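Thanks for coming. I will go through one model this morning, and I will give the cut-offs as the terms come up.

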Number of protein chains: 2
Amino acid sequence: MNETPFSIEFQPIGIRLLCTEPVTLLDAARQAGIQLHSTCGGKGTCGKCALTILEGGGSPLTRNEEIFRKGGILKPDERLACEIIVQSDTKVFIPPTSFEKAQVLQTEGEFKQITVASPIHIEELHLRQPDLAHPLSDQHNISQAHAQLNFENDDTALKVLRNAATIIRTGNWEAFAVCNHDHIFHILKEQPKLKVGVAVDIGSTKIACYLLNLANGNTLAVEGVPNPQIAYGEDIMTRLSFAMQGSSSQKHLHDLTMDAINQAISELCSRSGISSESSMDFCLVGNTAMHHFLLDLPSRSLATSPFTPVVDQELYITASEIGLKGMPGSKAFIPGPIAGFVGSDHLAFLFSEEFGKTGAIRLGIDIGTNTEIALQKGQRIVSCSTASGPAFEGAHIRFGMRAAPGAIEHVRITGDGKVKCDVIGEKPARGICGSGILDIISEMKRTGILNKRGRLDLNHPGVHLGEEKVRYFPLIAADKEQREISISQKDIDQILLAKGAIRSGISILMDHLQVKSEDIEEIIIAGAFGSYLNPYHAIQIGMLPEIDLSRIRAVGNAAGSGAKMMLLSETARLEASDLAHRIEHLELNTYPDFDMFFVHGIRF
Amino acid sequence: MNETPFSIEFQPIGIRLLCTEPVTLLDAARQAGIQLHSTCGGKGTCGKCALTILEGGGSPLTRNEEIFRKGGILKPDERLACEIIVQSDTKVFIPPTSFEKAQVLQTEGEFKQITVASPIHIEELHLRQPDLAHPLSDQHNISQAHAQLNFENDDTALKVLRNAATIIRTGNWEAFAVCNHDHIFHILKEQPKLKVGVAVDIGSTKIACYLLNLANGNTLAVEGVPNPQIAYGEDIMTRLSFAMQGSSSQKHLHDLTMDAINQAISELCSRSGISSESSMDFCLVGNTAMHHFLLDLPSRSLATSPFTPVVDQELYITASEIGLKGMPGSKAFIPGPIAGFVGSDHLAFLFSEEFGKTGAIRLGIDIGTNTEIALQKGQRIVSCSTASGPAFEGAHIRFGMRAAPGAIEHVRITGDGKVKCDVIGEKPARGICGSGILDIISEMKRTGILNKRGRLDLNHPGVHLGEEKVRYFPLIAADKEQREISISQKDIDQILLAKGAIRSGISILMDHLQVKSEDIEEIIIAGAFGSYLNPYHAIQIGMLPEIDLSRIRAVGNAAGSGAKMMLLSETARLEASDLAHRIEHLELNTYPDFDMFFVHGIRF
């Protein structure tokens, strides 16, 4: 037995899992939120969970695996995820045929343990059987069954009673009341197997849904689905423009989002063996545009100065009011956004990372097309948002691409000037993703290929002049199976603009709260890109302030973690609400000398 | 000028109006809830409001009328309702072509004057225009505009804010909040012309809708429409059976009812020159089945012993929750039924007649297929319901018909044994309606044609033996244009069963509260049939206890009046609610010696 932690890296998705005990790769994949085909349920008899070990070892080939290799169902280098047990660092490649879903999106964050305190509880109802001498109404019967319980309002009473009439009669005047605080919101004939709720983080590109056991806080299942709004624009502004075409466009984006969430919920419930109308409580977070689309609110004011949200306070609404699939009468907790471009996802991230609990000087960053930054110093927490653009997601970069098979993920320039590329999955390389771009710029700067002003040095032998005299630097030369992949001055300019936007945001917050780099006790980076990012290179190119690398921490989908915490605990909801009211929002464009900060930010 | 009251009777509808001042027949018709064609708005120039004076006089022919007579647009005996002024008893006949609607149903009751105290009020909102320095959300902006105002709950807040975003911007940050108590439920750009609400009495055969000015209590318009549920059964039991076929049948009856009410509301609003989404508050009453169909509640329990309602408390629900057409966010006050067969219409009737306000001994009766009866003595009010059947509406009677043109309305037997019939509208008579049936039985009893046991006396020369040896008594002999109309022993048996059911209900209540006939200070009869009923004959046949005729009063659609009062005043709602809790319900079938009371009730 090996008690020191080891990591398992799943490619081509790039998800890493930290383990302390030997584990089958099938279980490890499940823990990482990756669904592999497995008809036999892990007995080694269906042969569907095939994968390849790229690095590391594992337990020897089993008899089942031998049989599948002989039968040609497993390729010579493939193993069954359910049969192989690993106990040291391992890197595996999952072929597309082994995925339960075509693509799995990152949904995992560092989930903090909290004391579960859900407002949901289930109570037994012993009702009286009416007779001609006591022909009491169902309403009266249910109301007097429990002294503490009532209906939240008359609309709820009506909806509950519509359903209850048949249930209490077929259940022979015994029933179960599902309650939120003191309010009955649904009546069931039988006690539900599980008390469950759903937390959702609506990202611009992906939606992460978590099915949680409200009794003990366990995550029962996780599902990541692409955000279908992408069809109406990669970036938020394009989607806002579409929504502004009219209330039917706005409604269409709302409906698309709800359909995706509801499908994910059905999938989560079916995987857990419960009906798709089982969820008794919800918590949903997202950036301000996602928040408005979710609530079917007019989003026009988000697209034009002064970028005011319609709603900025938390709402605890009836789930069906926004078309969420759950138990009739269930509610959805929707934290309010902080500002037009700082959403409730940022709040959830800061909350899950316990911003405001201590007075430490900490920086929280969620890098995306729009990057939200918060700086805490003492009792103050100031947030801002900056339009960093989609360069780190590979857009506007000639060979740019998302972190997917074929993407150059990490780059190193060796002492003799050779470029070494790590490609996700198998070669040939098809392009370069955000973390690779960051690496190459840092490495070119270190080796002097890029000068201090961010220009490719033509005196360097690796730098060439291309079409229209644009300088470029090849990373991978062309051969039979491989096209040439290079980075140009234009690409570098895009990246410098993006990192400049982020750095100027950080610098303005630091200036505003009078914080120096050496004061910063911790930098916490949320989101998928944060997990791939090499912090050393991020500092090298000047995106992050210079602090000790050990003080930089990537936390994955922290917004999802925050949403889970708020779903599970009323105390968490109150604390997050307090935090939201404490966070000050700083509008960068109106900050004195904003332009100067930006010019400085672009520089190395 | 004539200051003594005079009556105007409109045929073929049979509506009477009591006036004290000279009035045009057009205005009188409007006051009686009858809509006549009038394109010119009463200027005497369109010639559409033609009618015939059957009895009484009126002001001389005008120049306009002369012109229309010459042009053949008015027949020689016709007048224009807008031109003729009457100031003494008058009876008029309205030809079908002059009706705005094919048929007008009785909607008028004696409306008590009450102090208007509606929970609805409209407040001006002066909002702040947000800028980059103060990018305040719409939610925050509206919440801080009025210290006393807020949203009822988060669902309301969301709905209001969805609509408000555009309104407050196009209104240049000035708007009007429509409020119920302290709760904003809708935001408008412009101040509404009128503050209006709708009261509805859902009867089994007709639905009466009233548009009221919530500021001063005035009735702006009245609309009576047939209850479309009739397609699924004349009586409640048949409709309940249909609803029991499944939730879609139940929903269908709900939808039909809502469609009819919404159409009536649109008509009321259009007549008053306001949008059909203007109603800011509602009050709806009806018998228990109507109440359950209205709320789309399962009605199965109403059809089987012990006949328990699902809901029996008042509800103040969002109008859109049951599909009512009104201002977004408006609510509907739905008083609870008293028992499975004593509905909120009976409560509304008793409330409008001030039951419970004094300790007087009073009997309240609403005669229909199901007859509800309440007896008050001191602090106690006891109600019951009795299945009187549809005989008084003409069903199961050979020549029975509703009170419509061609119906024998009143009958008298003269000293020389001749039968005199009053027929609604013009002869020939087509049948006999409830009040006529009551008259003829009473007259036959008085003249000995019927003996004490309710049998036609074959010794009387007017009594004949018909097919299957069934005795019968002709009322009108046949001639060229007239078929013979008679009443048979079978018809008489039906009526005796119906009056027996009513009388046994009254007698049991009297026995229960130890009340004798001579103690009764007042009998109040509600409903359409009550208005046509001759109280003398009702006592003669033993349907009502023997009391002085001056103590019997018909009040028309008193349920509608009660609904109006509850719409207009919160105090009225509280008082009606108190009354509802005070009314005891007596189940007749379990009363000791019920059978004996019924046998006695059938007798004369």
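First, the conventions. Residues are numbered from 1 along each chain as its sequence is written, and chains are lettered from A and ligands numbered from 1 in the order in which they are written. This is a predicted model, so local features need pLDDT of at least 70 and side-chain atom pairs count only at pLDDT 80 or more, while totals for chains, interfaces and linings use all residues.

Now the two chains. Chain B is superposed on chain A by a rotation of 180° with 0.1 Å of shift along the axis, and the RMSD is 0.1 Å. The two copies are thus related as by a two-fold rotation axis. In chain B, the C-alpha nearest that axis belongs to Asn153(B), at 4.8 Å. The superposition is by least squares on the C-alpha atoms of residues with pLDDT of at least 70 in both copies.

At the interface, 42 residues of chain B are in contact with 42 residues of chain A. Contact here is C-beta atoms, placed from the backbone, within 7 Å. Which elements give two or more residues to the chain B side? They are α3 (138-143), α4 (154-170) and β15 (315-318) of chain B. The largest share, eight residues, comes from α4(B). Helices are DSSP runs of H or I with at least four residues, strands are runs of E with at least two, and both are numbered from the N terminus.

By type, the chain B side divides into 21 nonpolar, 12 polar and nine charged residues. In that count Ala, Val, Leu, Ile, Met, Phe, Trp, Tyr, Cys and Pro are nonpolar, Asp, Glu, Lys and Arg are charged, and the others, Gly among them, are polar. Since 100% of the interface residues of chain B are also interface residues in chain A, the copies meet through the same surface.

Next, the core. In soluble globular proteins, nonpolar side chains tend to be buried together. The largest nonpolar core here has 302 residues, and those that touch the most other members are Cys209(A), Leu284(A), Ala563(A), Cys209(B), Leu284(B) and Ala563(B). A nonpolar core is a set of buried Ala, Val, Leu, Ile, Met, Phe, Trp, Tyr and Cys residues joined through C-beta atoms within 7 Å. Buried means 20 or more other C-beta atoms within 10 Å of the residue's own, exposed means 12 or fewer, and partly exposed is in between, with C-beta atoms placed from the backbone. Leaving out residues up to four places away in sequence, Ala563(B) touches Ala199(B), Val200(B), Asp201(B), Cys283(B), Leu284(B), Val285(B) and Ala348(B).

On to strands, which count as paired if DSSP finds at least two bridges between them. In chain A, five of the seven residues of β9 (174-180) are buried, so this strand is largely enclosed by the rest of the structure. Strand β8(A) (120-126) pairs with β9(A) in the antiparallel sense over seven bridges, with His121(A) opposite Cys179(A). β9(A) also pairs with β10(A) (183-188), antiparallel, over five bridges, and there Asn180(A) stands opposite His183(A). Two residues lie between the strands of the β9(A)-β10(A) hairpin, and His181(A) takes a positive phi near 55°.

In chain B, three strands form an open antiparallel sheet in the order β23-β24-β25. β23(B) (464-465) and β25(B) (485-488) are at the edges with a single partner strand each, so one side of each has no neighbour in the sheet. β24(B) (471-476) and β25(B) share four bridges, and Pro474(B) stands opposite Ser486(B).

Finally, the backbone. A cis peptide bond joins Ser305(A) and Pro306(A), with omega about 5°, and Pro306(A) lies in the loop between α8 (300-303) and β15 (315-318) of chain A. Chain B also has a cis peptide bond, between Ser305(B) and Pro306(B), again with omega about 5°.

Is Glu468(A) buried or exposed? It counts as exposed, with 6 C-beta neighbours inside 10 Å. Glu468(A) has a positive phi of about 50° although it is not a glycine, and sits in the loop between β23 and β24 of chain A.

Key. Contact = placed C-beta atoms within 7 Å.
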